[in-house]
Amino acid sequence: MRKGILTLLVGVLVVSSGCAGLITGETVAFDSAPATVSDSALDETGYEQSMADEQTIERTVTVAGQERTIRVTNHVRQYQRGIDLGPVGEVNAGRFIVFSTPSASVAGQTLNPAASWSNERLVEEVASRNDQINDVQFERNRTVDALGESREVAVFSGTTAIEGQEIDVLIHLTSFEHEGDVVVAVAVYPERLDDSEGPRVDTLLGGLSHSGN
């Protein structure tokens, strides 16, 4: 009886939120809106967009004891800046990546596992995909204004190889919900340039734009 009431409750909630396919067994699509950096922030920091991508992933989830398929569409924007690293010349060593994925939750249950990843889990993903950043260590938390609110930014240190040279880098990562999506922003740059690149990262975060769904 209790299970029946729970199933009914979930059913009411998914229908009211436009996810009736979770009841009928049809694939339900959740789309995110792209998060981008404003032109004025790019002009001020010298960063340029180098990549815009849309990724669609299908996952099997369990809702009220039933397996269902959901289709999640994520958006990625990458920006970069050439930095003079001395002996190896100018290299695109300053990178800023913005990732948006739908929150996709029903009756308090998160259907998109990426939406609930910790900063440590997120930075592991970034480190494995961004030129293999090694020896990642948490350094500190700080706050920056982005999309109308103060956001917590986790700072990690690590090392990576650029043009055959081992470089110490800093990774700034923030993740928060905004208008139905989870927005993740990541910045990576050489640690010895923290005094100049840190303020640029703050400007890029302050220039984030995301309209939501």
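## Overall make-up

The chain contains five helices and 12 strands. The model is predicted. Of its 213 residues, 46% count as buried.

The accessible surface of the chain comes to about 10900 Å². Carbon and sulfur atoms account for 45% of that surface. Contacts can also be sorted by how far apart the partners are in sequence: among those between residues at least 6 apart, 58% join residues at least 24 apart.

Strand β8 covers residues 134-146 and strand β9 covers residues 149-162. The two run antiparallel and are joined by 10 bridges.

Together β8 and β9 form a hairpin, with two residues between the strands. L147 lies in the turn and has a positive phi of about 50 degrees.

## Aromatic pairs

How many aromatic pairs does a search of the whole structure find? The search gives two. In one of them, the ring centres of Y79 and F96 are 6.5 Å apart and the ring planes are at 50 degrees.

The aromatic pair of F138 and F156 is edge-to-face, with 5.7 Å from centre to centre and 75 degrees between the planes. F138 is in strand β8 and F156 is in strand β9, so the pair ties together parts that are 18 residues apart in sequence. These are the strands of the hairpin described above.

F156 has 2% relative accessibility, so F156 counts as buried. F138 has 43%, so F138 counts as partly exposed.

## Charges over rings

Two arginines can be examined next to aromatic rings. The charged end of R121 sits over the ring of W117, at 4.1 Å from the ring centre.

R151 has its charged end over the ring of F176, and here the distance to the ring centre is 3.9 Å.

Methods
Residues are numbered from 1 along each chain as its sequence is written. This is a predicted model: local features need pLDDT of at least 70, side-chain atom pairs count only at pLDDT 80 or more; totals for chains, interfaces and linings use all residues. Side-chain values use heavy atoms; hydrogens and water are left out. Two strands pair if DSSP finds at least two bridges between them. Helices (H or I, at least four residues) and strands (E, at least two) are DSSP runs, numbered from the N terminus. Rings of Phe, Tyr and Trp (its six-membered ring) pair if their centres lie within 6.5 Å; planes under 30 degrees apart count as stacked, over 60 as edge-to-face and the rest as tilted. Buried means under 20% relative accessible area, exposed over 50%, partly exposed in between (1.4 Å probe, protein chains only). A charge sits over a ring if NZ of Lys or CZ of Arg is within 6 Å of the ring centre and within 35 degrees of the ring normal. Contact means heavy atoms within 4.5 Å. Accessible areas come from the Shrake-Rupley method with a 1.4 Å probe; for residues, only the protein chains shown count as cover.
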